[in-house]
Amino acid sequence: MEQFVDLPPTLNLPTDRSRPAIQTYNGAHQTLLLDASLCSALKSLGKQLGSTLYMVLLAGFKGLIHRLTSQEDIVVGVASAGQTSFGGDALVGYCVNLLPLRSRVAGNPTFVDYLTSVKQILLDAQTHQTFSLEKLIKKLNPPRDPSRPPLVTIVFNLDRSSLEMLEFENLEADIIPGP
């Protein structure tokens, strides 16, 4: 709640067409495969700076969004396992909670300084991951715009999937990402 005492401005990504007046829920994902040497270098950088590969990539992504939008105050959502929110050791299901990570940039910070702030924001959010986005939105009661979701309009995710063939006993399977 402290992160959102004042509401962030609407994230305005540059687009190639007008936003529909009513949100359609059409969307897409962008898959980017990292070259093994680049991945290794980013992991090494993270290790030097006391951060994970995820934190380094998230800071890079958020930095890109700051530059693309020219906005100093942005919110990016990240997925968090939400099983603990529902209780019970026998729970099986897709229980993902979206954590809104707010970043504010003033001036022209170095990447190391920005990474440090993103890391702290992420760790703080994970400490409070049982506080759902739905509860946050209800408490904040932001003005609604039917053309976009409230608070979180962009999400970052890192999937560590293998391109190799999966095997289950005598059954072979492929990973086919959804649209």
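First entry: I looked up the handedness of the crossing of α2 and α4, and it is right-handed. (Right-handed means the near helix is turned clockwise from the far one by less than a right angle, left-handed anticlockwise.) I'm working with a predicted model, where local features need pLDDT of at least 70, side-chain atom pairs count only at pLDDT 80 or more, and totals for chains, interfaces and linings use all residues. Residues are numbered from 1 along each chain as its sequence is written, and side-chain values use heavy atoms, with hydrogens and water left out.

Next I checked the geometry. Helix α2 (residues 53-69) packs on helix α4 (residues 111-127) at about 110°, and their axes are 9 Å apart. So α2 and α4 are roughly perpendicular to each other (that label covers 65 to 115 degrees).

Who touches whom? On the α2 side I noted Y54, M55, V56, L58, A59, G60, K62, G63 and H66, and they meet F111, Y114, L115, V118, K119, L122 and L123 in α4. (Contact is heavy atoms within 4.5 Å.) I sorted the residues of this contact into 11 nonpolar, three polar and two charged.

Then I moved on to α5 (residues 133-140). L133, L136, I137 and L140 are buried there (under 20% relative accessible area, while exposed is over 50%, with a 1.4 Å probe and protein chains only). They cover an arc of only 95° around the axis, so they lie on the same side of α5. These buried residues pack against β2 (96-104). On the face turned away from them I found E134, K138 and K139, which are exposed.

Last entry: just after α5, N141 takes a positive phi of about 50°.

Definitions and conventions. Axes fitted to C-alpha atoms, helices over the stretch in contact; angles between N-to-C directions. Helix = DSSP H or I, 4+ residues; strand = E, 2+ residues; numbered from the N terminus. Parallel < 35°, antiparallel > 145°, perpendicular 65-115°, else oblique. Nonpolar A, V, L, I, M, F, W, Y, C, P; charged D, E, K, R; others polar. Arc of directions from axis to C-beta.
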